[in-house]
Amino acid sequence: MGLTGKKVGILIESDYYEKEIFYYEHRFAEEGIDLHWLTRLWGQPSLTFYGHEYKVPFYCHESFEGMSDEELRSYSAIIVPSAFVSDRLRYTEDLSRLAPATEFVRRAFAEPSILKGIICHGLWLVSTVPELVRGRPLVCHPNLYGDARNMGAIYTDQDVVVDRDLVTGRTGGHCHLFARKIIEMLAAC
């Protein structure tokens, strides 16, 4: 397919699902995609995160905080992965404000040209902004079925669900199907 020039951002934090993250690292590179791992760096030049199952270290040096609208629009896709990444990223010091990662994803949703991918427990990250998924078909981990319904989403019992600029996947174990759909959609743009 050759997607050289396409830029994809994937959010990362500790307790990531190693098999999923390493799959993306290799699969997107096969297509020539410019892959960026984005997190909240807390003022540090880089952070090391550890996987959920095998505690594999993952180094990240890019932040979504302070990203301009112009830079955000340079991304072809923003992906929220499975496991506890989204739970860790939805932390905010000020409960009257959205978590920085949630605000970042909200901004991405405001850009129809950016493909949004959310897989498994990634749906947690948008729980405080249910309007982003209200009335939209999606799939998530079965444990989040009630959350999806409470957010007003239309839970769809499929491994991968596409609704315009939103691609959702059931579990981290479905990352190959999820990534394939994202790659297909990026190739069609």
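Me: OK, Glu 184 first. Buried or exposed, or something in between?
Reply: In between. This is a predicted model, and in it Glu 184 is partly exposed, with a relative accessible area of 33%.

Me: What does the Glu 184 side chain meet in a salt bridge?
Reply: Lys 181, with N to O at 3.2 Å. Both residues sit in helix α6, which covers residues 175-188, and they are three residues apart, about one turn of the helix.

Me: And how accessible is Lys 181?
Reply: Lys 181 comes out at 29% relative accessibility, so it counts as partly exposed too.

Me: How many salt bridges does the structure hold?
Reply: There are 16. Two of them involve Arg 27: one with Glu 30, at 3.0 Å from N to O, and one with Glu 31, where the closest N and O atoms are 2.8 Å apart.

Me: Glu 30 and Glu 31 are both partners of Arg 27. Which is buried and which is exposed?
Reply: Glu 30 has 60% relative accessibility, so it counts as exposed. Glu 31 has 9%, under the 20% cut-off, and therefore counts as buried.

Me: Switching to packing. At what angle do α1 and α6 pack?
Reply: About 35°, and their axes are 10 Å apart. The crossing is right-handed.

Me: Which residues make that contact?
Reply: From α1 you have Glu 20, Tyr 23, Tyr 24, Arg 27 and Phe 28. From α6 you have Cys 175, His 176, Phe 178, Ala 179, Ile 182 and Ile 183. By class, that is eight nonpolar, one polar and two charged residues.

Me: What about the largest nonpolar core, how many residues does it have?
Reply: It has 59 residues. Those with the most contacts inside it are Leu 11, Tyr 24, Phe 28, Trp 37, Phe 104, Leu 123 and Val 126. Helix α6 gives the most to this core, with seven residues.

Me: Take Leu 123 from that list. What does it touch?
Reply: Leaving out residues up to four places away in sequence, Leu 123 touches Ile 118, Val 133, Leu 138, Cys 140, Leu 144, Ala 148 and Met 151.

Me: Why is helix α4 described as largely enclosed by the rest of the structure?
Reply: Because eight of the ten residues of α4, which spans residues 100-109, are buried. Among them are Phe 104, Val 105, Phe 109 and also Arg 107.

Me: Last one: Leu 115. Which strand is it in, and is it buried or exposed?
Reply: Leu 115 lies in strand β7, residues 115-119. Leu 115 is buried, with a relative accessible area of 8%.

Me: What is Leu 115 in contact with, beyond its neighbours within four places in sequence?
Reply: Ser 76, Ala 77 and Ile 78, then Arg 164, Asp 165, Leu 166 and Val 167, plus Ile 182, Met 185 and Leu 186. Two of those, Arg 164 and Asp 165, also belong to the salt-bridge network we talked about.

Terms used
Residues are numbered from 1 along each chain as its sequence is written. This is a predicted model: local features need pLDDT of at least 70, side-chain atom pairs count only at pLDDT 80 or more; totals for chains, interfaces and linings use all residues. Side-chain values use heavy atoms; hydrogens and water are left out. A salt bridge is a side-chain nitrogen of Lys or Arg within 4 Å of a carboxyl oxygen of Asp or Glu. Buried means under 20% relative accessible area, exposed over 50%, partly exposed in between (1.4 Å probe, protein chains only). Helices (H or I, at least four residues) and strands (E, at least two) are DSSP runs, numbered from the N terminus. A nonpolar core is a set of buried Ala, Val, Leu, Ile, Met, Phe, Trp, Tyr and Cys residues joined through side-chain atoms within 4.5 Å. Contact means heavy atoms within 4.5 Å. Axes are lines fitted to C-alpha atoms, for helices over the stretch in contact, and angles run from 0 to 180 degrees between N-to-C directions. A crossing is left-handed if the near helix is turned anticlockwise from the far one by less than a right angle, and right-handed if clockwise. Ala, Val, Leu, Ile, Met, Phe, Trp, Tyr, Cys and Pro count as nonpolar, Asp, Glu, Lys and Arg as charged, and the others, Gly among them, as polar.
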